[in-house]
Structures are given as C-alpha cells and as structure tokens.
Amino acid sequence: MRYLYLEITHSQTHTMKKNSFLLLFLILTLNLYTQETTSPSIFMKVFLSKPTVYENEPLLVTYKLYADCDMSDVDFRFPDFDDFMKKQIALPHYRQAQSERYNNRNYKTLVAAQYQLFPLYADTLTIEKTEFTLNARIKSGQVHGPYNYPVMIDKEVKSSSQLCYIPVKPLPEGAPALFTGAVGSFKTSVVMDVDSTTIQVGDSVKIAVEVSGTGNLELIRLPEIKASKEVEILTSFGEKDLKVDDKGMSGSRTIIYTVIPKQVGPLELRLPGFVYFDSKLETYQCEADTDFSLTVSDLVVQSVSTVAHVEHSEIAEKIDKTPINYKNILFYSFLLLFTCLLILYVSKLRRKQISHFPYLVGMALLLVGAVFTFPLLEGLKKNDTTSLLSETLKADLMYVVDVSVTMLAEDIKPTRLEGVKTLLKSDSINQGGSRRGVVSFAQEAAVSCQLTDNPEEFSTGISRVDSLNLSDGTAVGSSMLVATYNLLKGENTRKYIILFTDGNNNSGAISPRTAAEIAGKHHIRLYIVGVSQPKEASAQVSTPMGKRLITIPTEIDDNLYTELAENTGGMYYRVMNNEELNEVLLHIYAHIRENMSEEFVYEGGKLSKEKADLILEGLGK
C-alpha cells in the first residue's frame with residue numbers, strides 16, 4: 001500500500017493553518033486513489049491419515065481450506081475417486097471457520113469434507129485435485145470516513161488442491177484358503193433358530209451369522225455353510241448397521257442361511273471360521289469353526305382324518321386353470337373328419353362304381369397334413385404371437401432412471417422425468433421373452449421393480465420411480481452397481497443396462513468408471529441416454545412457500561459417458577427433445593440386435609473379477 005507524503009515549508013505554516021481542513025481532505029482524497037488492492041492468500045490442503053495403506057484398508061482423507069480473509073458462497077467439486085470405494089463422513093451443515101497460524105501467518109480454516117477411502121487394488125493410486133470456487137472479502141484499496149476505513153469488495157477466486165499419491169501395498173502372501181478380502185478387526189456370532197436337534201426331512205433350519213467390527217464391512221464376503229449330507233441352502237441378507245466416521249467404518253452385517261435337509265440320518269453342519277487381515281497387527285486372523293449336529297427323521301404320515309377337505313370351488317378353480325390339450329383336440333377333430341370322408345366314400349361306391357383313387361389321395365393328404373400340423377400348432381402354443389421377437393431379443397434389461405430434482409426441467413415436455421416414464425411405459429420389449437426391471441436413483445439408488453416379464457408389474461414399477469424417499473443428488477455409479485447386482489440374478493444370458501440421466505455423478509460410494517468396469521467384467525452392456533439440452537432449463541419445484549420456478553444449468557459429461565458405454569460394448573445417446581427421446585429405444589434395440597452374435601468380453605480396468613464380485617456382494621440387503 002502506497003501513501004502520498006507532502007513536504008511543507010515554514011513559510012507555508014500560516015497558510016496551512018487557514019486551510020488545514022482543505023489540506024486534510026486533499027491528502028485523504030489522494031490516498032484514496034493511490035492505495036493498491038490486496039491479493040488474498042487462499043489455498044486447500046489435503047491431509048492423509050496414513051502415508052501408506054494395504055488394499056481394502058480405510059484411509060481418512062481430510063480437505064481443509066485456508067484463507068486470510070472472509071469467505072462466502074464456497075462451492076467444491078470433489079473427485080470421483082475411481083480407484084477407491086468411498087464413504088463421505090457427515091459434517092455439520094453449519095460450521096464456523098477456525099483460526100490457525102500457518103507459515104507465520106494467520107488464517108481462517110474450514111474443513112471442507114472428509115472421506116474414508118478403501119483402495120480397491122494394490123498400486124500407487126492417485127487422489128485427483130479438488131476444485132473450488134468462492135467469494136473472498138478483500139480490501140479494495142480505497143478508504144472512507146475520517147478514520148480511513150478500507151472499502152471492502154467481493155472477489156471471485158477459483159483454485160484447486162494438489163494431486164496426492166498414496167502407495168497401496170498388496171496383502172501379504174500366505175493367506176488362509178478361506179480368506180475373502182476382509183481387512184480390519186472383526187468378530188462373528190452364530191445363532192440357530194431351532195431348540196431341538198431332531199428335525200424332519202423338508203423342514204428348514206435358519207442359521208444367522210453376524211460379523212461386527214471395524215473395517216471394510218461393505219466389501220466382505222461372509223462364510224458359507226458346509227453340510228455332511230445333501231441339503232438345500234438358501235441365502236438372504238439381514239440388516240446392515242454401518243457407521244462411518246474419522247475412525248473408519250464400523251458396525252455389523254448379517255447373513256441368514258436357510259438349510260433344508262433332503263436325506264434321513266445324522267446331519268453335520270459346519271460354519272467355517274471367519275478369516276480377516278488385521279492391518280494393525282499385519283497378520284491374518286481366523287476365528288474358530290462353528291459346528292451343529294442334527295438328526296433328520298423321515299416325514300410323519302398324517303392319518304386320513306387329518307387330511308384337509310378340499311372345497312368344490314377350489315376343484316373348479318383348478319379345472320379352470322388346467323391348460324387345454326390342443327393335441328388331443330386336433331386328433332379327435334381329424335379322426336372325425338376322416339370318418340366322415342370314409343362314410344362318404346363308401347356310400348359313393350355303393351351307388352355308383354366310380355374310381356376311388358381321388359378319395360384315397362385326398363385322405364392321404366389329409367393324414368400327411370395332420371402329421372405336419374400337430375408340431376406347428378404345438379410350436380405356436382409355446383411361442384405365442386411373439387415367437388419372432390423372442391428369437392431376436394431374449395434378454396434381461398434393467399432401466400436405470402435419474403429422479404433427482406434436475407429431472408423436473410421442462411425442456412422435454414412435460415418434464416424430463418415424465419418423458420422418460422412415458423417412454424418406458426409404452427415400451428413392449430417384454431413381449432419377446434425378455435424380462436425388465438427398474439432402478440431409481442438420486443443421492444442413493446433403489447430398485448423400483450424387480451426383473452419381471454409381467455407388463456403390469458413393470459408399469460407399476462415405472463409409476464413408482466418418483467415416489468421414493470431419496471435425497472437429492474446424482475449417484476450414477478451406485479445405480480449402475482445396483483442394476484448389475486440384480487441382472488446377475490436373472491436367467492437370460494444377455495444382460496443390458498439402459499440408464500437415463502441429466503447430470504454428472506456427485507454422490508454414492510462407487511464412481512461411474514468403477515461401476516462400468518464391474519458391469520463389463522460380467523458381460524453386461526451399458527447404454528446411457530443423456531436427457532437435456534446444451535443450455536440451461538427451467539423447472540417447477542415445490543417449496544414451503546408453494547411452487548417456484550427455478551433455473552437448472554446443464555452439467556453432463558458427454559465424453560465420460562461415451563467412454564463408459566463404448567468400453568462395455570454399448571452406446572451413448574444425447575437427446576434434447578421429445579422426438580429424439582421417443583426414438584432412442586429403437587436405436588438401442590437395433591444396436592443390440594446387430595451385436596447379438598458378438599460375444600462381448602471386457603478387457604479394460606484394473607479390478608479383478610474376484611474383487612468385482614466382492615463389491616457386488618456388498619450390495620446385498
């Protein structure tokens with residue numbers, strides 16, 4: 001800051017006294033225009049809780065903003081953390097800046113965000129830059145008032161953090177055979193739901209296994225039951241109780257095994273001990289096996305008096321539902337027709353001696369026609385009127401629909417979301433033997449409709465896509481992962497994800513690149529439809545004060561979505577109006593049919609198939 005100094009002589013003293021007020025005003029005015037605007041010092045530091053970690057070991061990342069001036073309207077753009085599973089730690093929505101001295105200078109600091117990152121593989125991984133924009137309150141170089149108060153102005157500042165690199169070590173060799181990737185500190189508890197040790201063939205025994213502790217709980221694979229005799233084992237996931245804070249991920253996960261014995265005699269069940277790697281002790285830990293001994297007896301035959309009475313209406317209902325035997329009907333029809341022709345032939349011969357050759361030829365043709373007609377009609381019964389479509393497109397498809405607030409934009413009428421819903425409701429692709437399901441997503445992802453070949457169930461699922469209680473956000477990666485998980489439970493060998501969104505990923509534990517890689521490794525093709533115009537759009541949203549019209553900017557990464565779709569053998573489309581939206585499924589299905597004979601094998605990415613399976617299994621509810 002520069003100031004103006006005036007040299008005053010003795011002869012001017014008397015004049016100065018008369019004009020002191022005028023001179024003071026002159027000095028202040030000159031100083032006003034000769035001061036310089038100050039440059040603020042604003043930067044972001046990234047703190048890592050450890051200099052190096054093992055794969056799957058949690059790493060705490062803290063983003064801290066430093067500024068030597070007041071700040072407002074701070075906006076952050078954090079990376080997707082493609083090589084990690086991420087969990088953001090909840091911070092207070094309203095938090096005050098703290099004072100801190102750094103490099104002999106006073107700063108105001110603000111913790112912008114904290115993440116627990118779980119490295120997905122061993123390598124030197126990169127934590128990308130975090131960009132931020134804010135308004136800094138700085139001195140303008142001007143002053144006002146008799147005490148020279150500086151005039152403050154707002155200056156927009158754009159900057160970013162530095163790249164960070166974290167060496168990720170592979171887990172030590174010599175892991176036990178039952179090790180499936182659990183890293184942390186855990187303990188298990190096992191409970192069986194029967195008191196008696198004697199059960200009957202066909203009865204079910206439920207065994208609940210709970211794993212609790214601290215570590216990569218969402219990525220662990222729970223132990224599986226082993227049986228000494230033939231049994232049927234059904235698996236279901238119980239409650240998750242997970243918490244993420246600066247100490248890591250803690251809580252519990254439960255899996256429930258339903259065991260149904262099929263043979264009489266003694267039955268031994270063994271639950272292998274849970275194996276995990278303790279990163280603090282740097283050793284593998286294995287808990288003891290849990291054994292159950294049961295005796296399986298034969299079924300008890302009930303007496304006649306205990307047999308339930310079947311009502312006449314139930315019998316009638318079963319008869320109504322009995323499928324018609326078309327082959328029997330055709331047989332008797334042709335038999336009747338043959339008998340009529342035979343009678344006609346005999347009567348003709350009695351009345352007049354005519355050549356019987358044409359009648360014999362006619363009857364022979366009739367019998368030949370019957371032989372070929374039976375399998376044809378049987379085939380029509382099986383394939384119905386959509387046999388052609390079932391041969392050209394028999395697949396499992398998951399439609400993934402963005403239901404965030406931005407999908408209320410009205411550049412597609414009546415809104416982007418309603419346009420997509422109308423399109424999917426009018427789609428008849430299920431008639432070809434395919435099954436369809438729906439995943440809705442905002443800040444989280446949820447299944448609105450499981451895979452089904454029932455048009456009514458699918459239509460009902462489409463109607464539910466905007467009635468889910470999902471916080472606002474765009475979890476593209478998580479939604480793709482949920483769709484992949486559900487497709488792998490499907491029966492058809494061809495599997496596709498068709499995703500509709502109008503924005504970029506800003507929520508969820510898994511980045512879109514990682515989710516697309518997992519889908520590709522399971523031979524699932526990804527089709528992405530960007531639903532928005534290149535410019536901003538308006539939308540009507542509900543507020544406590546009623547409906548309000550807001551402006552929604554367009555933020556969609558066409559290059560990223562093109563890369564993800566094409567890497568999995570699919571396509572990316574950008575639709576900007578209703579006409580293009582209504583045609584996009586035809587283009588997608590045409591692309592699917594053109595490439596049906598080509599077996600897609602995904603070769604990219606660094607995740608192993610086993611690691612991809614672990615991430616998918618972590619979705620189990």
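Biologist: Which strands each supply at least two residues of the lining of the second largest pocket?

Modeller: Bear in mind that this is a predicted model. The strands are β12 (184-192) and β14 (205-215).

Biologist: And what lies nearest the centre of that second largest pocket?

Modeller: Lys50, Pro58, Thr214, Lys247 and Lys280, out of 16 lining residues. The space there comes to about 320 Å³.

Biologist: How does the lining of the second largest pocket divide by class?

Modeller: Eight polar, six charged and two nonpolar residues. Lysine counts as charged, so Lys50, Lys247 and Lys280 go under that heading.

Biologist: Now Ser279. Why does Ser279 count as buried?

Modeller: The cut-off for buried is under 20% relative accessible area. Ser279 has 15% relative accessibility, so Ser279 counts as buried.

Biologist: Where is Ser279 found, and what does Ser279 touch?

Modeller: Look in the loop between β19 (275-278) and β20 (283-286). Leaving out residues up to four places away in sequence, Ser279 touches Tyr54, Glu57, Val183 and Gly184. Contact here means heavy atoms within 4.5 Å.

Biologist: How many cavities of 30 Å³ or more does a search of the whole structure find?

Modeller: One. The largest cavity has a volume of about 50 Å³.

Technical notes:
Residues numbered from 1 in each chain as written. Predicted model: local features only at pLDDT ≥ 70, side-chain atom pairs only at ≥ 80, totals over all residues. Heavy atoms only, no water. Helix = DSSP H or I, 4+ residues; strand = E, 2+ residues; numbered from the N terminus. Buried < 20%, exposed > 50% of the residue type's maximum accessible area, 1.4 Å probe, protein only. 1 Å grid on protein atoms, 1.4 Å probe; cavity = no way out; pocket = protein on both sides within 12 Å on 5 of 7 lines; lining within 4 Å. Points joined across faces, edges and corners; volume = space filled by probe spheres on them.
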